[in-house]
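Subject: Structure handover and notes

Hello,

The structure is below, and my notes on it follow. Please read them with the coordinates open.

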Amino acid sequence: MANTNLSNRRLRLGMVGGGKGAYIGGIHRFAARLDNHYDLVAGAFDVDAARGHAFAAENFIARDRSYSDYAAMVEGERDREDRIDVVAICTPNHTHYPIAKAFLEAGIDVICEKPMTTTLEDAVALHELAQATGRFLGVTYTYSGYPMVHEARAMVARGDIGKVRVVQVEYPLEWMATGIELQGNQQAAWRTDPAKNGRGGSIGDIGTHAYHLAGFVTGLKAEAIAADLATFVEGRALDDNAHVMIRYEGGARGLLWSSQVAIGQSNGLRLRVFGETGSLAWHQEHPNELLFTKLFGAPETIKRGRDELSDDTRARTRTPPGHPEGYIEAFTNLYSGFAAIIRARAEGRDAGPMGEGVPASYDGLKGVAFVDAVVDSHEKHSGGWLVPRFA
Ligand code: NAI
């Protein structure tokens with residue numbers, strides 16, 4: 001029988017994917033270590049079993065807990081007394097569903113990369129399975145881990161900018177501005193393959209982050225969307241640029257831009273929210289600052305680390321203002337939020353401020369539903385275009 005008492009030890013973490021040369025798995029491993037909540041003890045790290053075992057050995061994983069694939073990992077872990085408490089899924093999108101399903105069915109909590117699945121049907125099924133099994137499924141919407149994003153959320157909820165009117169969110173990147181998928185780039189290869197990435201190219205890969213961020217900060221639900229997708233790199237099978245208009249409940253209007261061909265933009269995620277009495281602006285490349293402007297007032301820079309910030313913000317902060325925190329700390333905040341929820345559930349108590357707003361299976365489902373609606377809007381309902389009489 002597995003030891004499920006979590007009160008006096010670190011959580012035992014397993015990982016699928018994230019092997020040598022992979023991108024996001026390494027960030028998960030940093031995030032798991034920084035706040036001391038996890039020990040990485042098992043994994044099926046690579047689609048190539050031999051490479052996965054070599055990587056496991058380099059990372060001090062016991063040989064009997066380095067598995068050739070995720071199915072062997074579920075079998076090997078499920079009945080161990082010291083089995084993993086939670087698994088992180090850091091593989092390409094099309095594998096998330098079968099892997100998450102297998103672990104949830106074995107009674108193991110899941111941390112799943114975004115987009116949660118490649119089809120809406122699978123996303124619904126996974127969300128329902130998480131509910132039915134009572135297991136936790138967290139989704140790594142990285143940017144909701146930033147303290148100043150939590151501060152923006154708290155300020156909107158407190159009414160500091162009044163009723164929200166306009167939401168502008170953009171996520172431009174430059175790295176796929178040429179056909180690097182044909183030149184051996186591992187990450188671009190599966191991202192441009194609809195069978196592996198899902199229906200939405202840039203909109204699935206980074207648009208889902210932007211959509212989650214906008215909803216997270218404003219608390220608004222989308223009522224309708226209209227989208228225009230484009231593929232600029234010749235021969236690419238999926239969009240590499242998307243513009244989406246969003247109608248939010250209560251009348252607010254949104255505009256979302258995702259692009260993988262935006263030269264000069266390394267990781268330019270940016271959110272601006274305009275209300276009846278003020279506005280907020282946050283830029284991922286300068287994450288320690290939040291710009292707040294009151295009607296007719298001068299812009300005011302709110303800095304991370306100050307005492308007057310909200311409880312949720314301060315809970316996600318480690319260093320005083322002037323000592324920058326960034327991406328790894330934001331990812332750590334998600335991991336610590338997941339740990340807070342997993343521990344609180346085991347002990348039947350509230351997860352406290354670290355559990356606030358932590359993205360879970362319904363957020364994953366909403367992201368996949370958004371991609372589905374965007375691609376449908378573009379493919380099936382593009383008759384809304386009108387030609388100006390003079391151009
Ligand atoms: P990657 O191509 O760099 O790495 C994928 C890893 O998964 C490789 O080690 C590969 O061998 C392994 N793998 C593939 N199939 C497997 C299987 N069936 N079993 C075990 N291992 C398998 O991909 P990258 O860029 O790290 O993306 C992985 C996931 O993370 C994607 O879902 C992506 O959307 C997401 N992502 C999320 C980010 C975030 O900010 N939250 C940022 C970057 C990626």
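Pockets were searched for on a 1 Å grid over the protein atoms alone: a pocket is an open set of points with protein on both sides within 12 Å along at least five of seven lines. A molecule sits in a pocket if more than half of its atoms lie within 2 Å of its grid points. Here, the space taken by the ligand is the largest pocket.

Two notes on conventions. This is a predicted model, in which local features need pLDDT of at least 70 and side-chain atom pairs count only at pLDDT 80 or more, while totals for chains, interfaces and linings use all residues. Numbering starts from 1 along each chain as its sequence is written, and side-chain values use heavy atoms, with hydrogens and water left out.

Ligand site

The ligand is surrounded by 27 residues (a residue is near a molecule if one of its heavy atoms lies within 4 Å of it). The closest are Tyr-23, Ile-24, Asn-93, Thr-142 and Gln-187. By class, the shell has 11 nonpolar, 11 polar and 5 charged residues, with Ala, Val, Leu, Ile, Met, Phe, Trp, Tyr, Cys and Pro counted as nonpolar, Asp, Glu, Lys and Arg as charged, and the others, Gly among them, as polar.

Strand E1 (11-17), helix H7 (186-191) and helix H9 (202-218) each supply at least two shell residues; helices (H or I, at least four residues) and strands (E, at least two) are DSSP runs numbered from the N terminus. H7 gives the largest share, 4 residues.

Polar side-chain atoms lie 2.7 Å from a ligand oxygen atom in the case of Thr-142, 2.9 Å for Gln-186 and 3.0 Å for Trp-190. The ligand taken alone exposes 860 Å², and the protein buries 92% of that (Shrake-Rupley method, 1.4 Å probe).

Elsewhere in the chain

There are 10 aromatic pairs in the structure (rings of Phe, Tyr and Trp, the last by its six-membered ring, with centres within 6.5 Å; planes under 30 degrees apart are stacked, over 60 edge-to-face, the rest tilted). Phe-136 and Phe-338 form a tilted pair, 5.8 Å centre to centre with 50° between the planes. Phe-136 is in the loop between helix H5 (120-133) and strand E5 (137-139), and Phe-338 is in helix H11 (residues 327-347), 202 residues apart.

Most residues other than glycine have a negative phi, and most peptide bonds are trans. Asn-36, in the loop between helix H1 (24-34) and strand E2 (38-44), has a positive phi of about 70°. Lys-114 and Pro-115 are joined by a cis peptide bond, with omega about -20°; Pro-115 is in the loop between strand E4 (109-112) and H5.

Regards

How values were computed: Polar contact = N/O pair within 3.5 Å; in protein donor to acceptor, adjacent residues only side chain to side chain. 1 Å grid on protein atoms, 1.4 Å probe; cavity = no way out; pocket = protein on both sides within 12 Å on 5 of 7 lines; lining within 4 Å.
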